[in-house]
Amino acid sequence: MRIVDIITRKRDGGELARAEIEFFIKGYVSGDVPDYQAAALCMAIYFQGMTPQETAGLTEAMAFSGATLDLHDVAPFIVDKHSSGGVGDKTTLVVGPMVASLGVPVGKMSGRGLSFSGGTLDKLESIPGFNVNLTLEQFKRQLGEVGVVVAGQTQELAPADGKLYALRDVTGTVPSLPLIASSIMSKKIAAGADAIVLDVKAGHGAFMETVEEAVRLAELMAQIGGRLGRMVTALIGDMSQPLGLAVGNSLEVIEAIEVLHGRGPADFREHCVEVASEMLLIAGAAATPEDGRMRATKTLADGSAWRKFRQFVAAQGGELPAIDEQARLPRAPLIESLTAPVSGYLARLDAREVGYTVVELGGGRAKKGDPVDPAVGVVLAERSKVGSRVEAGEPLLWVHARTSEGLAAALARLAQAYSFSNAPVAAPPVIHRILRTAGMSSPGKSLTPG
Ligand code: URA
C-alpha cells in the first residue's frame, strides 16, 4: 500500500477501505507518514467528505492507535462531555467539578486551541503548575480519589488524534464533519467513557455554522458511539456570539471561577447547568431534566462545585493561591476598551472574529507547537451581547494585550465584528435543541429531540 495512492483516491472522490485508513493512521503515528502527506489527505477529506463507514473506520483506527482505558476498577460508570469547539467555551472547567461533586466520576481527555476556538488544555495551563500530561496510572488514580480528571492526548492514549489535531489546527482542515466526529469520538472511546454528552455548537463561532449541520454532526457521533456500545446525548448550543463574556485562556479561567461561585454571566451559567444536567441524567443520577437542573444549580449555590474544582486543580499540580486570588493568574499589561460607535440594539457580535482576534493577540497558535500567551484576550461588557441596548460611547469590550501593536490591531478588527439596529433584536437562545437516545445507543440509531 502507498499513502500517495490513498491521498489520490480520496482527492478524486473515492471511498477508502478500512485497511487503507488503518494503514494511514498507523503510519502517521509511527512517523512513516510525514506531516505533508497527512495534511494532503486531511485536505482531500475536507473537500470530498467521508461516508459513515469511512468515518467509523477512521474513528476506530484513531481510538485504538494507542492504549484504551478501562476505568471500571475505579468507578462503575464514567461520564464524559465534549464540546465541538467554540469561542469563550470554558464549560468543562465548570461542569466537570459540578457533576463530580454529586458523586458521578468525570474522566476527560481534552484538546488544545483549534483554529479560532480555544482549547480546555490551554486554559487549564494558565493556572501556574497545572499539569495536563498525565500517565494512565495518574489519570486512573485521580479519577478514583478526586472524581474528576482532565488530561491531554498522550503517546499512550489516542496518539493519532493528538498529532492530527495539531496538524489540522494549522492547515485549514478543521471544519470537516468526518474529521471532527472522528477526533472527538476517538478521544472519548480511548479514555474509557461509558456515556458521552456532546456539547455541539452551531453558529459562525463554531465549526458547524447551522443548527442542521450541528445535528448531522451529533447524529454521526451518536452512531459511532452506538457501534462501540456508548450512550450518547447531544445538546446543540448557540455559538453565533461568544459564550459568556471572557475569551482568552486565563480570562476564561477567571470567568469559570466566577460561575463556580454562583456568579458570572447568565448565558454561560445556564449553558453549564444544562450540560451538567444532561450528564447527571445519562449517568442515572437525576430522574428528569428538571431534577438534573435543580441538582446542578445547587452545586454552584452551596459551594460544592467550587470545592471540587479546588481539589481537582490541586491534584493536577495547579497552585491554589492562583485560583483563590485571581490577581495571581497571568494578566496582560495593556487593557483598553472598544466603545459603541452609535446608540442602538446590538444585532451581531461575530464570535469567529473575536476568536481570531484572540489567536492574533497570541492566545492561539499560528504554527504547530507554538506557545500560547495565557494572559491575552477579550472581555465583553455585560450589556454587549446580542439583543442588548447600548448607548454611543459606552464600552462594548476590553482587549487585554501584550503589545501596543497587538492592541491596536485587535481594536480595529473587533470594531468590524459588531452590527447595530434601531429596532429591538431578539437574543439567541443559549440551547437550540437537546437530542437524547432512549437508552443505550445501538448501531445506526438516530437521536430523537428531547
Ligand atoms: N474538538 C475536538 O476534539 N476535535 C475537533 O476536531 C473539534 C473539536
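**Cavities inside the model**

Student: How do the residues lining the largest cavity divide into nonpolar, polar and charged?
Tutor: Happy to start there! This is a predicted model, where local features need pLDDT of at least 70 and side-chain atom pairs 80 or more, while totals for linings use all residues. Numbering runs from 1 along each chain, and side-chain values use heavy atoms without hydrogens or water. With Ala, Val, Leu, Ile, Met, Phe, Trp, Tyr, Cys and Pro as nonpolar, Asp, Glu, Lys and Arg as charged, and the others as polar, the lining has 5 nonpolar, 14 polar and 7 charged residues.

Student: Which residues lie nearest the centre of the largest cavity?
Tutor: A cavity is a set of 1 Å grid points where a 1.4 Å probe fits but cannot get out, and lining residues have an atom within 4 Å of a point. The largest cavity holds about 280 Å³, the space filled by probe spheres on its joined points. Of its 26 lining residues, those nearest the centre are H82, S83, S84, G85 and Y165.

Student: Which element gives the most to that lining of the largest cavity?
Tutor: Using DSSP runs (helices H or I of at least four residues, strands E of at least two), β1, α5, α6, α8 and α9 each supply at least two residues. The top contributor, with 4 residues, is α9.

How values were computed
On a 1 Å grid over the protein atoms alone, a cavity is a set of points where a 1.4 Å probe fits but cannot get out, and a pocket is an open set with protein on both sides within 12 Å along at least five of seven lines; lining residues have an atom within 4 Å of a point.
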